[in-house]
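Please find below my notes on the model under discussion.

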Amino acid sequence: MPVVFLPYPLRKYAAGAREVKVPGATLGELIANLETRYPGMSDHLLEEGRLKPGLAAVCGSTETRQGLMQPLEPGTEVHFVQAISGGAQ
């Protein structure tokens with residue numbers, strides 16, 4: 001079962017847990033199962049059926065390139081990361 005590491009703003013939906021194990025063969029299934037278990041969480045992850053702009057999902061050691069169709073293996077670590085921007089040129 002994949003392990004989801006929750007960023008601080010999402011922990012309130014999971015009773016303060018830093019990580020949770022959630023089933024899902026794809027990133028989309030995992031997010032759907034997160035929403036079932038922790039209502040309100042997907043509102044912070046999805047917009048118009050895809051990850052919100054400025055949000056990335058790191059599955060294993062790489063950023064997902066297949067969006068919600070990204071396959072997940074049992075034990076895959078999933079991190080949701082806010083994009084970092086800035087720096088004037």
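**Notes on the fold**

1. The secondary structure of the protein amounts to one helix and seven strands. Helices (H or I, at least four residues) and strands (E, at least two) are DSSP runs, numbered from the N terminus. Along the sequence the pattern is β-β-α-β-β-β-β-β. The radius of gyration is 13 Å, close to the 12 Å that the globule rule gives for 89 residues, so the protein is as compact as a globular protein of that length. That radius is taken over C-alpha atoms, and the globule rule is 2.2 Å times the number of residues to the power 0.38.

2. On the basis of the model: it is predicted, with local features needing pLDDT of at least 70 and side-chain atom pairs counting only at pLDDT 80 or more, while totals for chains, interfaces and linings use all residues. Residues are numbered from 1 along each chain as its sequence is written, and side-chain values use heavy atoms, with hydrogens and water left out.

3. Overall dimensions and burial. The C-alpha trace spans about 45 × 25 × 25 Å along its principal axes. Of the 89 residues, 34% are buried. Buried means under 20% relative accessible area, exposed over 50%, and partly exposed in between (1.4 Å probe, protein chains only). Among contacts (heavy atoms within 4.5 Å) between residues at least 6 apart in sequence, 46% join residues at least 24 apart.

4. The sheet. Five strands form an open sheet in the order β2-β1-β7-β5-β6, with mixed pairing. Two strands count as paired if DSSP finds at least two bridges between them. β2 and β6 stand at the edges with a single partner strand each, so one side of each is left without a neighbour in the sheet.

5. Pairing within the sheet. β1 and β2 are antiparallel over three bridges, and V4 has V20 as its bridge partner in β2. β5 pairs with β7 in the antiparallel sense over five bridges; here A57 has F80 of β7 as its bridge partner. The hairpin of β5 and β6 has two residues between the strands, and G60 takes a positive phi near 75° in it. β5 is mostly covered, with four of its five residues buried.

6. The helix. Which residues of α1 (residues 27-37) are buried? They are L27, L30, I31 and L34. Seen down the axis of α1, these fall within an arc of 95°, so they line one face of the helix; the arc is that of the directions from the helix axis to the C-beta atoms. Their cover includes β1 (3-5), β2 (19-21), β3 (46-47), β4 (50-51), β5 (55-59) and β7 (77-82).

7. The core. The largest nonpolar core has 20 residues, of which V4, L27, L30, L34 and F80 touch the most other members. Such a core is a set of buried Ala, Val, Leu, Ile, Met, Phe, Trp, Tyr and Cys residues joined through side-chain atoms within 4.5 Å. The elements giving two or more residues to this core are α1, β5 and β7, and α1 gives the most, with four residues. Leaving aside neighbours within four places in sequence, V4 is in contact with R18, E19, V20, V22, L30, L34, V78 and F80.

8. T26 is found in the loop between β2 and α1 and is buried, with a relative accessible area of 17%. A polar atom of the T26 side chain lies 3.1 Å from the backbone nitrogen of E29. Beyond four places in sequence, T26 is in contact with L68, M69, Q70, P71 and L72. L68 lies in the loop between β6 and β7. Not counting residues up to four places away, L68 touches T26, L27, G28, I31, L46, G49, R50 and L51.

9. R37. This residue belongs to α1 and is partly exposed, with a relative accessible area of 40%. A polar atom of the R37 side chain lies 2.6 Å from the backbone oxygen of K21. Leaving out residues up to four places away in sequence, R37 touches K21, V22 and P23.

Terms used: A polar contact is a pair of N or O atoms within 3.5 Å; within protein, one must be able to donate a hydrogen and the other to accept it, and residues adjacent in sequence count only if both atoms are side-chain atoms.
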